[in-house]
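These are notes for a colleague who has not looked at this structure before. Please read the points below with the model open.

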Amino acid sequence: MKRILIAAVIPLALLTACGKPEEKKDDDSLLRRQMSETYVDTMRLEVMPFQKQVVCNGRLSARDKSDLRFASDGVTLQIHVKEGQHVAKGQLIATLDREQRVREVEKAQHDLYRAKVDLTDKLIGLGYDADMKGVPAEVMKRAEVTSGYYAASFQLEEAKRQLTDCDLRAPFAGTIANLDAKTHQKSDKICTLIDDSQFEVEFKVLEAELGSMRKGRKVNVSPFVAEDKVLGGTVTGINPQVDEKGLVKVKAQLSGRDASLIDGMNVRVTVEENVGDMFVVPKDAVVERDGYHVIFRYRDGRAVWTYVDVVHSNINSFAITGCKRKETSIEEGDIVITSGNLNLADGTEVKPR
């Protein structure tokens, strides 16, 4: 009886063991089939307005900028501002040592008094009263010159001007920069004053892109340090000369004011132009094959290789048409593959996600 049980158990174990490899083989086949399938994203081709973009790098410059210096030589006695400080027009920036200028004013006042005495004596000698009333203008002018009164008056005004020049004041409202001067030293330049209430951006475009530029055209400006920030502007000038690198200089005025902007900041400039209704696809939808631009259209489960011409471009998209040299065409409603197309060939089986 025991022998019969053993004989029955053995075939059952063999049946169980034989079933497992078959199931594993089916699972592996399914996995390989899934891995070999190519999944793609698609879009329906439509006609829509297209914004052609010219994108280039530029640099901001403040509306007004001036290196501030004393009008006269001397030792800087005191500096009244700090770097980065905003100052009002006429605000005191720095002061020179005034001692020498004060003595020069006092000397000029003394010289003028002596010259006035000489002038009075000269007029009395000519028969006029000491109060100088009734002296003809021509006689008075000659007497002022010959007595030294005219020169002494001029010298006093000059001495007062130089004393006033000991105070360096802001010619316009702005922000202090490059404050390199030190007290108790002679300084060629005290600081730079920047009017940062408004900015201009200067950038260069290729000669071939000059057709997209004209005065009054709108631009968008984004600082490299804050690319999500977009500031508007207007083209104000185009330099009528192409440089040795084939570039043309363009200037645009930014509208409004932003506290984060500083003079010399590097920015990205985008100039947009509406070129009308076009077939528009994402840039990822276009690949290059044999020196031509190609898209893959989806038809009956397969990728169809189609040559196209890229007419215009912007940061994210291409405006395309059929390829003239290959005599291909595209139509509204075509299903275009927009991802997973880098390794596709004509006729590859694909599955839309």
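1. Buried means under 20% relative accessible area, exposed over 50%, and partly exposed in between. By that cut-off Ser212 is buried, because its relative accessible area is 5%. Ser212 belongs to the loop that joins strand 9 (191–206) to strand 10 (218–223). Once neighbours within four places in sequence are set aside, Ser212 has contacts with Lys52, Val54, Arg217, Val271 and Glu273.

2. Mean pLDDT for the protein is 87, with 90% of the residues at 70 or more. Helix 1 (residues 2–36) has the lowest confidence, a mean of 48, whereas strand 5 (residues 86–87) has the highest, at 96. Where pLDDT is low, the predicted coordinates should not be read in detail.

3. On the overall make-up: the protein has four helices and 19 strands. Of its 353 residues, 33% count as buried. Among contacts with a separation of 6 or more, 70% are between residues 24 or more positions apart.

4. How many disulfides does the structure hold? The number is zero. Cys56 counts as buried because its relative accessibility is 10%. Cys191 also counts as buried, at 0% relative accessibility.

5. Helix 2 can be checked for length. It runs over residues 99–125, and at 1.5 Å a residue its 27 residues should span 39 Å. The C-alpha atoms at its ends are 40 Å apart, which agrees with that expectation. After helix 2 comes Gly127, with a positive phi near 95°.

6. Which residues of helix 2 are buried? They are Arg101, Val105, Ala108, Leu112, Ala115, Leu119, Thr120 and Leu123. An α-helix has 3.6 residues a turn, so residues three or four places apart point the same way. The cover over the buried residues of helix 2 includes strand 6 (92–96), helix 3 (137–147) and helix 4 (149–164).

7. Val139 is a residue of helix 3. At 25% relative accessibility, Val139 counts as partly exposed. With neighbours within four places in sequence left out, Val139 is in contact with Leu126 and Tyr128.

8. The aromatic side chains deserve a separate look. The whole structure contains three aromatic pairs. In one of them, Tyr292 and Tyr307, the ring centres are 5.4 Å apart and the planes are at 70°, so the pair is edge-to-face. Since Tyr292 lies in strand 15 (residues 292–299) and Tyr307 in strand 16 (residues 302–313), the pair ties together parts that are 15 residues apart in sequence. Trp305 and Tyr307 form an edge-to-face pair as well, with 5.9 Å from centre to centre and 65° between the planes. Tyr292, Phe296, Trp305 and Tyr307 make up one aromatic cluster.

9. Tyr307 counts as buried at 16%, and Trp305 as partly exposed at 25%.

10. A lysine also belongs in this picture. The charged end of Lys326 sits over the ring of Tyr292, at 4.8 Å from the centre of that ring. Lys326 lies over the face of Tyr307 too, 5.0 Å from the ring centre.

11. Two backbone angles should be noted. Asp290 has a positive phi, near 55°, and is a residue other than glycine. Asp290 is in the loop between strand 14 (287–289) and strand 15, and is exposed, with a relative accessible area of 65%. Glu327 is not a glycine either, yet its phi is positive, at about 55°. Glu327 is placed in the loop between strand 17 (317–322) and strand 18 (335–337). With a relative accessible area of 72%, Glu327 is exposed.

Conventions: Residues are numbered from 1 along each chain as its sequence is written. This is a predicted model: local features need pLDDT of at least 70, side-chain atom pairs count only at pLDDT 80 or more; totals for chains, interfaces and linings use all residues. Side-chain values use heavy atoms; hydrogens and water are left out. The expected span of a helix is 1.5 Å times one less than its number of residues. Buried means under 20% relative accessible area, exposed over 50%, partly exposed in between (1.4 Å probe, protein chains only). Contact means heavy atoms within 4.5 Å. A disulfide is a pair of cysteine sulfur atoms within 2.5 Å. pLDDT is the predictor's confidence in each residue, from 0 to 100. Rings of Phe, Tyr and Trp (its six-membered ring) pair if their centres lie within 6.5 Å; planes under 30 degrees apart count as stacked, over 60 as edge-to-face and the rest as tilted. A charge sits over a ring if NZ of Lys or CZ of Arg is within 6 Å of the ring centre and within 35 degrees of the ring normal.
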